[in-house]
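Student: I would like to learn how to read helices and their packing from a set of coordinates. Could we work through one case together?

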Amino acid sequence: MRRLTVALTLIAGLAFAAPPAGAAGPEQGAAPQGAAPKEAPKPPPTLDDLFARLKAAKDDPEARGVAQLIERRLDRSGSDTVDLLANRAGQALKDKDTALAVELLDRVVTLEPGWAEGWSRRATAFYLLDDQASALADLNRALRLEPRHFEAWAALAHIYMASDDKVRALAAFRKAQDLYPRMGKLREAIERLAPDVDGRDL
């Protein structure tokens with residue numbers, strides 16, 4: 001989930017002419033007269049800030065940009081070893097070696113059981129193995145750890161749809177939409193399901 005590094009070079013040792021005798025020079029360390037004070041750098045937005053921005057986004061490009069920032073935060077396990085294993089599991093999924101992906105993700109959730117994304121990724125692998133029960137269990141574990149994981153809610157909805165559990169599917173889709181109102185195709189899925197679950201207007 002890419003960094004740009006900006007190098008700043010500070011040049012010191014500039015020679016200044018001494019003030020004439022008796023003339024009062026500027027106090028050492030004082031800012032030049034009329035210069036605006038430097039503002040302290042703003043701290044990066046918190047995850048709570050990003051979720052609030054996602055919910056309030058005015059258009060799709062803004063929402064996608066904020067969602068990507070959230071995903072990058074959620075992708076951080078806090079462990080280099082776990083990140084390496086997760087990346088290898090992702091490559092295994094691309095190579096269609098799903099069994100290896102599950103094996104690697106087993107180690108991920110063992111090493112970092114508090115990382116919601118690890119459980120979400122293993123749920124994907126289980127789903128690809130047609131093990132829906134294990135996928136559901138892992139998604140629910142991920143959502144207990146991070147209830148705002150909108151991708152996990154959407155995945156949960158799709159699994160419920162596959163088993164024709166429209167009531168739970170609709171509830172999960174609506175939860176994902178509440179967190180990420182502009183998430184692609186959620187509105188269409190909800191509009192298709194709502195008449196069957198909520199009843200049709202007469």
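Tutor: Let us begin with burial, where buried means under 20% relative accessible area, exposed over 50% and partly exposed in between, with a 1.4 Å probe and protein chains only. In α9, the residues L186, A189, I190, L193 and A194 are buried; helices here are DSSP runs of H or I with at least four residues, numbered from the N terminus. This is a predicted model, in which local features need pLDDT of at least 70 and side-chain atom pairs count only at pLDDT 80 or more, while totals for chains, interfaces and linings use all residues. Residues are numbered from 1 along each chain as its sequence is written, and side-chain values use heavy atoms, with hydrogens and water left out.

Student: How should I read the spacing of such residues, and what covers the buried residues of α9?

Tutor: An α-helix has 3.6 residues a turn, so residues three or four places apart point the same way. The cover over the buried residues of α9 includes α7 (150-162) and α8 (166-179), where contact means heavy atoms within 4.5 Å.

Student: What span does α9 reach, and where does α9 bend?

Tutor: The expected span of a helix is 1.5 Å times one less than its number of residues. Helix α9 (residues 186-198) has 13 residues and reaches 17 Å from its first C-alpha to its last, close to the expected 18 Å. The bend at a residue is the angle between axes fitted to the seven residues ending there and the seven starting there; α9 bends by about 30° at R192, and the proline P195 follows within four residues. Just after α9, G199 takes a positive phi of about 100°.

Student: How do α4 and α5 pack?

Tutor: Two packed helices are described by the angle between their axes and the distance between the axes. Axes are lines fitted to C-alpha atoms, for helices over the stretch in contact, and angles run from 0 to 180 degrees between N-to-C directions. Helix α4 (residues 98-111) and helix α5 (residues 116-128) pack at about 155°, with their axes 9 Å apart. That makes α4 roughly antiparallel to α5, a label for angles over 145 degrees. Residues in contact include V102 and L105 in α4, which meet a set in α5 that includes W119 and F126.

Student: At what angle do α1 and α2 cross?

Tutor: The axes of α1 and α2 cross at roughly 155° and come within 9 Å, and α1 and α2 are therefore roughly antiparallel to each other.

Notes
Helix = DSSP H or I, 4+ residues; strand = E, 2+ residues; numbered from the N terminus. Parallel < 35°, antiparallel > 145°, perpendicular 65-115°, else oblique.
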